[in-house]
Amino acid sequence: MTALAELEREIVGCRRCPRLVAWREHVAEVKRAAFASQEYWGRPLPGFGDPRATVVVLGLAPAAHGGNRTGRVFTGDRSGDWLFAALYRTGFANQPTSRSRDDGLELQGCWISAAVRCAPPANQPTPAERDTCLPYAVAELRLLARARVIVCLGGFAWDAALRILRQSGGLQLPRPRPRFGHGAEVEIGPFTLLGCYHPSQQNTFTGRLTEEMMDRVLARARSFIL
């Protein structure tokens with residue numbers, strides 16, 4: 001716990017990417033009208049959850065008016081509403097919603113993280129920003145000693161997870177390089193990667209991702225619980 005807390009402090013204080021720093025702080029100052037009375041977090045977001053987690057859920061980056069506002073990744077936006085409802089249905093969370101850092105949410109056997117820790121403009125970090133941020137995820141994974149499964153929410157997270165594992169203990173990636181897809185599964189050393197479409201409104205509103213589809217991926221992840 002001490003090492004994770006130290007890593008959290010390092011992440012929250014990071015200012016390595018000038019474009020992301022400028023954007024996250026601009027959003028926190030200007031705010032969205034619906035949240036004008038709220039104080040935005042406006043800093044990088046650490047991961048959170050059960051330090052003894054077997055399953056890591058990896059997303060892309062915080063949302064400008066979601067995690068960048070609330071201080072908890074996947075919290076305060078529609079994607080988070082979808083994710084935490086699924087985590088609750090599959091037994092990873094004690095409640096189906098995540099509204100703020102002090103709302104009583106607890107995760108069991110699960111840790112939630114992101115490939116990039118700052119909200120990026122248009123939700124699109126650059127490759128350089130991704131690579132600058134990945135060492136935090138590598139360090140986080142090493143500290144989550146029981147982690148064996150990474151649920152990748154979207155192709156960006158899948159690609160980032162492959163890079164994280166390659167940097168984590170020099171694990172060799174399969175050839176050809178595993179391709180992302182919903183329900184994709186690949187073993188890399190002691191880890192298993194599971195692919196899941198991102199719970200973005202674009203995917204959930206169109207039916208590309210349904211509750212049943214997401215529940216099946218999380219249930220598969222749960223089958224690896226130690």
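1. What should helix α6 span at 1.5 Å a residue, and how far apart are its end C-alpha atoms? The 13 residues of α6 (residues 155–167) should span 18 Å, and the end C-alpha atoms are 19 Å apart, which agrees. The expected span is 1.5 Å times one less than the number of residues; helices (H or I, at least four residues) and strands (E, at least two) are DSSP runs, numbered from the N terminus.

2. This is a predicted model, in which local features need pLDDT of at least 70 and side-chain atom pairs pLDDT 80 or more, while totals for chains, interfaces and linings use all residues. Residues are numbered from 1 along each chain as its sequence is written, and side-chain values use heavy atoms, without hydrogens and water.

3. Buried residues (under 20% relative accessible area; exposed is over 50%, partly exposed in between; 1.4 Å probe, protein chains only) of α6 include W158, L162 and I164. The buried residues of α6 pack against β2, α5, β4, β5 and β6. After α6 comes G169, with a positive phi near 80°.

4. A salt bridge (side-chain nitrogen of Lys or Arg within 4 Å of a carboxyl oxygen of Asp or Glu) joins R163 to D159 at 2.8 Å. These two residues are four apart in α6, about one helical turn. In α8 (residues 211–222), R216 and E212 are likewise four residues apart and form a salt bridge at 3.1 Å. Shared partners link R130, D131, D159, R163 and R177 into one network.

5. R24 is buried, at 2% relative accessible area, whereas its salt-bridge partner E25 is partly exposed at 33%.

Note on methods
Contact = heavy atoms within 4.5 Å.
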